[in-house]
Amino acid sequence: MAESTLHPWDRPAPERAGRPSAYALLPADFAALGAPGRSEHIFTQCQHPWAWVEGRPRLSREIREWMASSLDTALPEILERHASEDGSTKVVLGLADGQRIEAVHMPREVRNPRVTLCLSSQVGCAMGCTFCATGAMGIQRNLTAGEIVGQVLALLKELGPEKPHQITLVFMGMGEPLHNLEHVHRAIRVFNHPQGLNISTKRITVSTSGHVSGIEKLAKLAPRPWLAISLNATTDEARSAVMPVNRVWNLARLRHALAEWPLGAKEKLTIEYVLMDGVNDTVEDANRLANWMGPLRETHNLNLIRMNEHAASPFKEPVEARLEAFVARLKALGCFVTVRKSRGRDVQGACGQLIREESRRR
Ligand code: SF4
């Protein structure tokens with residue numbers, strides 16, 4: 001297919017001399033490529049960055065030389081770190097072709113130390129949600145699986161944690177992950193592999209704007225991560241205005257896809273709702289939201305998020321009294337509702353604020 005007929009999000013990242021990334025390979029791939037050593041061992045060493053020596057996996061010279069000649073072993077480079085006063089860090093990563101992405105490292109101490117990594121799946125985003133800074137950038141390209149895994153390894157190498165069971169991954173950074181399902185899912189297979197980071201699918205969440213065909217495809221894949229939906233409005237008219245994806249898959253179609261999602265034991269869907277002052281924060285909205293959720297309201301998480309204001313969007317966070325009335329109405333209607341505390345707001349690292357710096361300056 002000629003390059004010009006591809007959508008920007010279909011365009012693959014430039015490969016380095018056609019070499020696959022060492023970090024997107026599973027043990028069977030190392031074996032198939034003729035690695036001179038035990039493929040499980042090579043995979044494990046590649047996926048445990050805190051054990052690396054001089055920035056490289058701890059492997060014999062023979063294997064390292066084979067990797068250097070056969071694979072792309074470069075990680076995304078950490079170019080900037082912006083520490084928030086709440087303990088989270090927004091990280092700007094540089095890719096091989098000069099593109100930049102952002103990710104957020106969010107430690108939290110609840111009962112046990114845990115770190116949530118908020119990951120990007122694309123450079124920019126094609127979905128055009130009007131409240132989101134990434135949406136204002138437009139789309140440049142998809143990330144490869146190697147870049148997605150490399151993003152995690154680069155963060156773990158620099159910022160930890162060193163214990164894989166403390167890691168939670170959320171695809172809530174730049175991009176619509178279901179627009180890049182093939183590479184996102186390959187990365188999930190790598191993260192979930194027992195000889196790698198072995199991150200349970202319960203601790204991997206893919207958040208979508210409501211890309212229904214992607215939801216239907218993801219529902220059939222194994223391993224299957226947990227799903228979050230960014231909803232943000234309660235009528236088709238209002239949702240189409242803030243999230244153009246609704247013109248393709250409306251609220252009823254999205255609701256149907258969620259009802260068909262094959263829930264595992266104890267699995268919950270998360271419905272995210274960004275509250276914007278005067279846009280979607282009335283008691284009538286709360287009534288419609290509870291009605292749309294139907295039976296899901298008693299079992300699934302409804303996460304309310306105050307609009308994180310930024311220069312690329314006219315929307316404001318709601319006044320406290322409206323937020324409280326909204327929450328009270330949802331609770332009265334039987335919804336399991338939480339108000340999510342946004343992390344990294346002061347460094348423009350909160351939900352909807354991620355954008356390449358040069359785009360922000362423009
Ligand atoms: S909210 Fe998500 S899907 Fe919408 S424009 Fe932003 S990054 Fe893309």
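1. Start with the ligand: its shell is made up of five nonpolar, seven polar and one charged residues. Here Ala, Val, Leu, Ile, Met, Phe, Trp, Tyr, Cys and Pro count as nonpolar, Asp, Glu, Lys and Arg as charged, and the others, Gly among them, as polar. In total 13 residues surround the ligand, with Cys125, Met127, Cys129, Cys132 and Gly135 the closest. A residue is near a molecule if its C-beta atom, placed from the backbone, lies within 6 Å of it.

2. Bear in mind that this is a predicted model: local features need pLDDT of at least 70, side-chain atom pairs count only at pLDDT 80 or more, and totals for chains, interfaces and linings use all residues. Residue numbers run from 1 along each chain as its sequence is written.

3. Now the domains. The assignment, automatic or from a database, gives domain 1 (20–70) and domain 2 (77–361). Their centres, taken over C-alpha atoms, are 31 Å apart.

4. Where do the two domains touch? Twelve residues of domain 1 are in contact with 17 residues of domain 2, contact being C-beta atoms, placed from the backbone, within 7 Å. On the domain 1 side, helix α2 (residues 39–47) gives the largest share, four residues. Helices here are DSSP runs (H or I, at least four residues), numbered from the N terminus. That side of domain 1 has eight nonpolar, three polar and one charged residues.

Technical notes. Helices (H or I, at least four residues) and strands (E, at least two) are DSSP runs, numbered from the N terminus.
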